[in-house]
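Please consider the model displayed here.

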Amino acid sequence: RLWEVRVPVGAELVGETLAQSAIGASTGTTMLAIWRGHEAHLNPAPNNTLLAGDMLFLLGREEHGQFLVCLLMLLLVIPLVWQLLASVNDEPAQAC
């Protein structure tokens, strides 16, 4: 199945290379392309940096794509929760 997933603003993946993000290895999918603005980056290199708003095109089985969507949502939500906790306590949030 072909999966299209947008990298959300604020996700921890923003600024990471494909190699650093390990999206393919952690989800069992293959990155086919990144759509950025009006350009398609086909067969992106491991040193390609992910930006907020990038549309990722991945190939994988149904359960792999569902896992990827959940993973990206967690990578967005967790930093926002830490920011919220830090602002409530007026102290820097510490990772677990």
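N48 counts as buried because its relative accessibility is 15%, where buried means under 20% relative accessible area, exposed over 50% and partly exposed in between (1.4 Å probe, protein chains only). The model is predicted, so that local features need pLDDT of at least 70 and side-chain atom pairs count only at pLDDT 80 or more, while totals for chains, interfaces and linings use all residues. Residues are numbered from 1 along each chain as its sequence is written, and side-chain values use heavy atoms, with hydrogens and water left out.

The loop that holds N48 runs between β3 (39-42) and β4 (55-59); strands are DSSP runs of E with at least two residues, numbered from the N terminus. Apart from neighbours within four places in sequence, N48 is in contact (heavy atoms within 4.5 Å) with E16, T17, L18, I34, R36 and H41.

Strand β4 pairs with β1 (residues 2-6) in the antiparallel sense over five bridges, pairing being assigned if DSSP finds at least two bridges between two strands. Within this pairing, E4 has F57 of β4 as its bridge partner. Strand β2 (residues 30-36) also runs antiparallel to β4, joined by five bridges, and there M31 is the bridge partner of L58.

L2 is located in β1 and is partly exposed, since its relative accessible area is 45%. Together with L32 and L59, L2 forms a nonpolar surface patch of about 250 Å² accessible area. Such patches join nonpolar side chains (Val, Leu, Ile, Met, Phe, Trp, Tyr) within 5 Å, or like charges within 9 Å, from residues with over 30% relative accessible area and no salt bridge; a salt bridge is a side-chain nitrogen of Lys or Arg within 4 Å of a carboxyl oxygen of Asp or Glu. Accessible areas come from the Shrake-Rupley method with a 1.4 Å probe, and for residues only the protein chains shown count as cover.

How values were computed:
Helix = DSSP H or I, 4+ residues; strand = E, 2+ residues; numbered from the N terminus.
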